[in-house]
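Colleague: I'm new to this one. Can you put it up and walk me through it?

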Amino acid sequence: MRRVIPILLVAAVSPPVVAAAGQSLLERSPNIAGAWVAPAGRLQFNFLHRFQVGSAPTRKVTNYPTFLLGAGVGSSLMVGANYATNSDVAERYPNEWEFFGRWAPWSTDAGAPVAAAVQAGYNLAAQSVDGALVLARGFGPVRLQAEGRVLGHAYDRAETRVVAAGGAVVRLGRWFALGADLGVPVNAGDTVRAAWGAGLQFALPYTPHTLSLQVTNTNSATLEGASRGGRQRRYGFEFTVPITLGRFFGRTATAAAPPAPGAAAVDPALTATPAAAAKAAPADSGVAVAAAPTPAPTAPSADTARRAPAPDRAAPTRLARRAGAVSRATISNLAFGPARLQVAAGTTIVWTNRDPVPHSVTADDGSFDSGVIEPGKTWRHTFTRPGTYNFHCTPHPFMKGVVVVR
Ligand SMILES: [Cu+2]
């Protein structure tokens with residue numbers, strides 16, 4: 001008990017944790033990609049830059065960048081590529097391409113005991129089919145990750161290498177975390193160095209970006225690159241840039257990225273107590289910020305949801321039918337979820353901002369205005385008079401929604 005109390009205290013005083021769109025470096029360590037995928041309708045651009053300093057007298061600085069570009073397809077798949085411009089993975093090719101797909105069917109947000117993702121891809125430099133399985137789970141402020149990798153034609157040699165990696169990220173407040181990991185070759189001799197990395201991980205306040213300042217002995221961020229340690233210590237940073245297409249292409253792309261298939265179809269007010277919904281908030285997942293507050297066994301599959309009409313145009317979600325009821329809605333991935341709410345007069349709607357950036361719920365006609373809703377905070381408004389209330393977000397005018405009061 002004596003040991004449990006301090007842990008509980010730390011968990012209790014930590015600010016509400018907002019999952020920064022899955023890509024967050026607050027949820028993964030330098031050499032473990034993590035069980036995250038970009039949500040549908042989002043491009044993810046991550047820039048990893050490492051350098052090492054040569055010996056005296058010249059102390060030449062050599063740079064090792066890796067660029068990741070990925071696209072969210074459906075609710076749990078990301079396809080993309082890593083490109084490292086100064087790779088030592090294969091001696092013949094300094095430019096390393098890795099094309100991959102990552103599927104993350106399990107999210108702790110959606111009630112799974114662990115977040116899980118499988119990745120499969122092809123490394124052009126090593127001419128290798130590579131795969132990985134990642135498991136991750138949060139325990140209060142600590143998030144643990146385990147990854148198994150199989151490198152089919154490792155480092156352009158006719159050998160298959162298996163690597164076991166583990167890492168942890170310790171969250172120290174809303175904007176800061178410490179991360180570390182170790183990757184050990186399972187079936188290679190003692191001559192192969194383990195891969196290690198350690199980082200100071202930041203969320204940049206009021207932006208969707210995260211930053212890692214790191215030290216490691218690995219080269220690139222591909223599965224091959226992250227699996228092999230080198231002789232030299234390298235320093236560097238990673239910067240994550242989520243690009244929400246709806247910001248640039250309007251409603252179509254926004255509609256392609258509903259906050260969650262489950263959230264649009266399930267009435268959280270009728271299926272969960274606020275406490276349960278809060279408990280299921282995305283506190284420890286690297287997968288999806290947009291998961292439904294409750295597991296949604298009756299929700300349509302991601303596939304079905306995407307083929308269905310956009311939630312803000314049709315299929316009004318009946319969040320509440322009783323006067324005096326409380327309905328919960330979310331703001332995540334720069335979208336209101338659901339975008340169309342239909343309630344009985346007298347219903348109070350509570351919006352929770354699940355994004356790492358501030359939003360507002362502002363009536364187009366000025367009849368209500370939340371002001372700034374900070375990340376993790378809620379705002380409530382009671383709708384007493386029947387009518388149709390169009391609203392938007394002041395910082396992001398492309399975010400639109402409507403409340404229909406009957
Ligand atoms: Cu906004």
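Modeller: One term to begin with: strands are DSSP runs of E with at least two residues, numbered from the N terminus. Phenylalanine 99, for example, is found in strand 4, residues 96-106. Keep in mind that this is a predicted model.

Colleague: Is phenylalanine 99 buried, exposed or partly exposed?

Modeller: Phenylalanine 99 has 39% relative accessibility. Buried means under 20% and exposed over 50%, so a value in between is called partly exposed, and that is where phenylalanine 99 falls.

Colleague: Which residues make the nonpolar surface patch?

Modeller: Trp97, Phe99, Tyr122, Leu124 and Val129 make that patch. Its area is about 460 Å².

Colleague: Changing topic: what coordinates the copper ion?

Modeller: Three residues do: His359 through ND1, Cys393 through SG and His396 through ND1. The distances are 1.9 to 2.1 Å. Water is not among the atoms, so a site may look incomplete.

Colleague: How are the donor residues of the copper ion spaced in sequence?

Modeller: The pattern is H-x33-C-x2-H.

Colleague: And cysteine 393, buried or exposed?

Modeller: Cysteine 393 has 0% relative accessibility, so it counts as buried. Histidine 396 is buried too, with a relative accessible area of 9%.

Colleague: What kind of peptide bond joins glycine 337 and proline 338?

Modeller: That one is cis, and its omega is about -10°. Proline 338 is in the loop between strand 15 (335-337) and strand 16 (340-343).

Colleague: What about phi at asparagine 333?

Modeller: Asparagine 333 has a positive phi of about 55°, although it is not a glycine. Its place is the loop between strand 14 (326-332) and strand 15.

Colleague: Is asparagine 333 buried or exposed there?

Modeller: Buried: the relative accessible area of asparagine 333 is 7%, and the cut-off for buried is under 20%.

Technical notes: Residues numbered from 1 in each chain as written. Predicted model: local features only at pLDDT ≥ 70, side-chain atom pairs only at ≥ 80, totals over all residues. Heavy atoms only, no water. Helix = DSSP H or I, 4+ residues; strand = E, 2+ residues; numbered from the N terminus. Buried < 20%, exposed > 50% of the residue type's maximum accessible area, 1.4 Å probe, protein only. Donors = N, O, S within 2.8 Å, 3.2 Å for Na, K, Ca; no water. Patch = residues over 30% accessible without salt bridge, like charges linked within 9 Å, V, L, I, M, F, W, Y side chains within 5 Å. Areas by Shrake-Rupley, 256 points an atom, 1.4 Å probe, with all protein chains shown as cover. Salt bridge = Lys/Arg side-chain N within 4 Å of Asp/Glu carboxyl O.
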